[in-house]
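Trainee: Can you walk me through this one? I have the sequence and the model open.

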Amino acid sequence: MEWVRFVFAAICLVFAAVMESIAVFGVYKFKFVMNRMHAAAIGDTLGLMLGALGLIILKGISWFSLKMFIVVIFLWMTSAISSHVIMRMEYSIDEEAVAEETETIRDVNSSEV
Amino acid sequence: MTAGAIKVLLIGIMIIYAMLVVLVLMRAVIGPRVADRLMAINMVGTIGIFLMAVISVMLNEDYLLDVSIIYAMISFLSVVILTKVYMGVHEENVLKRHKIEREKREQGIKADDDEWDKLLKSIEETEVPTQLRKK
């Protein structure tokens with residue numbers, strides 16, 4: 001019985017690590033922030049859920065699993081919100097009509113975009 | 001019997017995640033825009049929370065998970081506040097620029113299109129700090 005639980009937990013944890021690696025790979029592969037954010041969401045949702053599931057299987061049902069559940073639910077809610085907020089910042093800073101400021105400076109008078 | 005296997009598994013997972021943290025931090029350093037860096041820091045927060053959970057299983061300390069809950073809240077707060085700060089700075093600069101343009105217009109500088117362009121350029125050159133300039 002112990003070994004069955006261990007095998008299931010190991011599968012979940014390894015898949016979590018694979019998902020997180022895919023997220024990091026996507027972050028390096030894509031060229032634009034919004035695409036990168038799309039890749040990063042994999043690690044924030046599926047990777048974290050699989051990891052938490054593996055740890056819960058390893059530990060059994062207890063206060064630990066309740067706390068882990070709370071962490072996962074909280075991060076599922078907040079990662080969507082923070083992605084939205086970052087994207088809105090990017091959009092409002094990068095408007096062509098006001099091209100300047102922070103790090104996304106563009107010269108209005110030159111034709112280069 | 002399983003205790004040794006569990007320990008090996010958890011340590012292996014932690015090593016993989018530590019390497020991923022280093023990679024994401026590199027993305028935060030080289031990311032060309034502010035949004036890249038913020039996104040990378042968000043990812044570092046998520047991985048850190050998971051690492052704390054793994055450590056709490058390995059040391060058999062349930063209370064370490066409370067730390068990770070607090071960490072999740074604080075990392076969310078930091079992302080939201082940093083985006084608000086950047087948007088505020090941007091808005092302030094836009095307002096400043098509009099003000100300068102209006103003052104020039106009120107002084108009665110009637111320029112042709114070319115001269116008006118030149119004026120705008122000079123305003124820009126005075127406005128933007130040099131270390132933020134692209135070229």
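Predicted model: local features only at pLDDT ≥ 70, side-chain atom pairs only at ≥ 80, totals over all residues.

Trainee: OK, how many helices and strands does chain A have?
Mentor: Three helices and zero strands; helices (H or I, at least four residues) and strands (E, at least two) are DSSP runs, numbered from the N terminus.

Trainee: And what share of chain A is buried?
Mentor: Of its 113 residues, 40%. Buried means 20 or more other C-beta atoms within 10 Å of the residue's own, with C-beta atoms placed from the backbone.

Trainee: At what angle do α2 and α3 of chain A pack?
Mentor: About 175 degrees, with the axes 10 Å apart; axes are lines fitted to C-alpha atoms, for helices over the stretch in contact, and angles run from 0 to 180 degrees between N-to-C directions. The two are therefore roughly antiparallel (over 145 degrees).

Trainee: Which residues make that contact?
Mentor: Among them are A:L48 and A:L55 of α2(A), and A:V72 and A:W76 of α3(A). Contact means C-beta atoms, placed from the backbone, within 7 Å.

Trainee: Switching topic, how many residues does each chain give to the contact between A and B?
Mentor: Chain B gives 49 and chain A gives 48.

Technical notes: Residues numbered from 1 in each chain as written. Chains lettered and ligands numbered in written order. Contact = placed C-beta atoms within 7 Å. Parallel < 35°, antiparallel > 145°, perpendicular 65-115°, else oblique. Buried ≥ 20, exposed ≤ 12 C-beta atoms within 10 Å, placed from the backbone.
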